[in-house]
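Morning, everyone. Please have a look at the model on the screen, and then I'll walk you through a few places in it.

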Amino acid sequence: MIKQELKNIDELRILREPVEGEMLVNMGPQHPSTHGVLNFLLVTDGEVMHRAVPHIGYLHRGIEKLAEQTEYAGFMPFTDRIDYLAAMAANQAYAMAVEKLAGYVVPERAEFLRVIACELNRIASHLVATGSMAMDIGAVTPFIHWIREREYINEITEELCGSRLTYNYCRIGGVSHDLPATLAGKILLWLDHFEPIIDEFDRLITHNEIFVHRLADVCAISAQNATGYGLVGPNLRASGVDWDLRRDKPYSVYDRFDFNIVLGKGFRGAVGDSYDRFVVRVLEMRESCKILRQALVALPAGEIRSKVPRVIKPPVGETYAAVEAPRGELGYYVVSDGVSSKPYRVKIRTGSFTAMSIIESLSKGVMIADLVAIIGSLDVVAPEVDR
Amino acid sequence: MWKLTQEFIHKFIPAFEHAWLAYIAGALVAALALLAFASLFAGLASYVERRIAGRIMSRVGPNRVGPQGLFQFVADGLKLVMKEDLVPAGADPILFRIAPYFVFAGMFGTFVVLPFGAHLVAADLDVGIFYLMAITSFVVLGIMLGGWSSNSKWSLFGGLRSAAQIISYEIPAGIALLSVAIFAGTLSTQGIINAQGGLPWDWFAFHSPFSLVAFVIYFIAALAEGNRTPFDLPEAESELVAGYCTEYSGFRFVVFFFAEWANLWIMSAISVLCFLGGWKIPFVNAPEAYSGWLWILLGFVIFSVKTLALVTVVMQLRWTLPRFRLDQMMNLCWKYLIPGAFAALLGTMTVMALFSWDSPAGIAIRFCTFLVGALVVLYYIWRIVANYRADSANYKKLTGQSMWYPPWRLP
């Protein structure tokens, strides 16, 4: 029984005097399915939740403040750590912001290499997202299969830039390494191998009736709610909002590729439910494969880095550049004071942070098992929330 | 088995005249033999399950301790036994300590009536099936006690889920077994096996389409009672950390998991003895034929092969399927399985009343049902083979290497 309107109660008061018939459970920060270190304060009546209050900040490393202490080019490795599953997108967005601020031109080959690396990284990130979501629902095998496929991507990126996870691949004005001669063929070979594996994954888990019943119609987010809460990326598209930065605000060379924007159509339930968010990610992997094939064929010859001074001092000004990262729009707002070789201010906008804000409103009246599905389907990654 | 051990004692220790001493000694020997069997099976099942899981997930699995990692379970058991036996702060110490033994008692008690061969049974009780249903309820008591006394909210959730689940699923399981009891005219486990034949179409599962349904319902319900995927809600790792055994460590944890893996044998053995002909050898139907040791041994082998086949299916299910939600699990039980079990019971009774066992129509029904069952099994094998072939072709394309490893060897 809820005796009072819970909305108005201060969280600390809930902690001290729980309402009769309610139970207070701390989920995390060391809980298996909180994807890193998130903490949820659950107010439940048995298994049915009345409220789930997310507590963030366990992974706060002050990356935005660190940016003010480091030179423009030196901040690049820190961007890897914003989202360890999609480091390339964070690299690219920061490089784009500084290039825009200082007016550097990026060679075409470098743009293509960035796109190739980003799309590989998008597949890797969606592999973890969909796989760990399946694991949250209780199926361990799909996750391990996906980790196996991700291992191939890790090997490819290791050959490309020397790193498997935190790439530090982009440079202001280009990329760090050129594509090795044999790697294009390897990526194409892997793509030939990977697309049938997606079919197998669909047979194993996407069309599994238990799985569908666990996710369909669970916590549907309407298009209005999704835009209202500022959801981005696959979460937004799953709700049926046709918005993708790659097409709608074309950056890099994305306007030269032919690919579809996957929208949630209510594949097995309501539009924008957890199952839609899952399927949208699986289908986006197929689209990424398409982009990769086109990019590898169209890859032009030429420089991979333009001439950029050693010490970058952009003129006074401010700019915002964003990319479509696997977890949605990832943008940097960079302010330069024109004198220093360090940014005056860097503000980072990430998708997981806004996705966290909707969890509290979604979690009313669902079961604990569904909360796990929500967290998994929104693809919240803790370091991206806290930065 | 009790009769056999008594004969054994009288033969080798002639001075052993007191009947009650012989009785106690016989019971002790039988209990020790069963305990040895259960522990060995639980340990090996944990090893085999991990190897099967490794296969399914395309990883290696345990392969370090002993030949092919065969002694991994011994190493794990020793490690856990040597761990500190922790009782969390605020826990109810007595109930917390005693809970694993309830689970163990519930599991081990079933071995009393489980037959292994023609005369290989500790006690052929007249109320065998009834006893099985009753003694397994001990498990839920232990899990509830463990969940409640741990002073952890996740444990409490696990315990309550488990109580709800096991108590609900005992009903369809009981009704499905009731149809077997009606068919055999007895509750004794040996009696049920004796009522069936050695050939597949003489098994009770293929007695009529309804008994096939009863078999499937019993198998699903047994999965749920054993907390196996897709019904592993009580220990749902991603939701409840580890459910009722979150706070357990060391030896008590071993006891919980010993019970879980020994339960694999129990659920499969009950399915085999009730539905799949038990230890009956094909073409050997007369009970007096099963008097020689060789025949008993052959029966034991047949029984074990059937049981282990079912155990493998359970393991494959565990590593393939996701988990139900609490309300879906209850829906499945109360809305589908229980009405289904009642329908199967009525149908079986109708078929029994209309067609006698040896009438041509009865044999025809049995044979057709068997064909349906065989087709399902063939389809299952075909799916595995087809998926394997597609996978290995794909793997060869990428790496140039073959994916095949013999089942007894891993890289």
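Let's start with Ser58(B). Ser58(B) is partly exposed, at 39% relative accessible area; buried means under 20%, exposed over 50%, and partly exposed in between, with a 1.4 Å probe and protein chains only. Ser58(B) sits in the loop between helix 2 and helix 3 of chain B. Its phi is positive, about 50°, although Ser58(B) is not a glycine.

A word on the basis. This is a predicted model, where local features need pLDDT of at least 70 and side-chain atom pairs count only at pLDDT 80 or more, while totals for chains, interfaces and linings use all residues. Residues are numbered from 1 along each chain as its sequence is written, chains are lettered from A and ligands numbered from 1 in the order in which they are written, and side-chain values use heavy atoms, without hydrogens and water.

Now chain A. Asp379(A) also has a positive phi, about 55°, and is not a glycine either. Asp379(A) is buried, with a relative accessible area of 3%. Its loop runs between helix 14 (368–378) and helix 15 (382–386) of chain A; helices are DSSP runs (H or I, at least four residues), numbered from the N terminus.

Chain A has two domains, domain 1 (6–55) and domain 2 (63–349), with bounds from an automatic or database domain assignment. Their centres, taken over C-alpha atoms, are 32 Å apart.

Last, Phe275(B). What does Phe275(B) touch? Among its contacts are Trp203(B), Phe204(B) and Tyr218(B), leaving aside residues up to four places away in sequence; contact means heavy atoms within 4.5 Å.

Notes
Helices (H or I, at least four residues) and strands (E, at least two) are DSSP runs, numbered from the N terminus.
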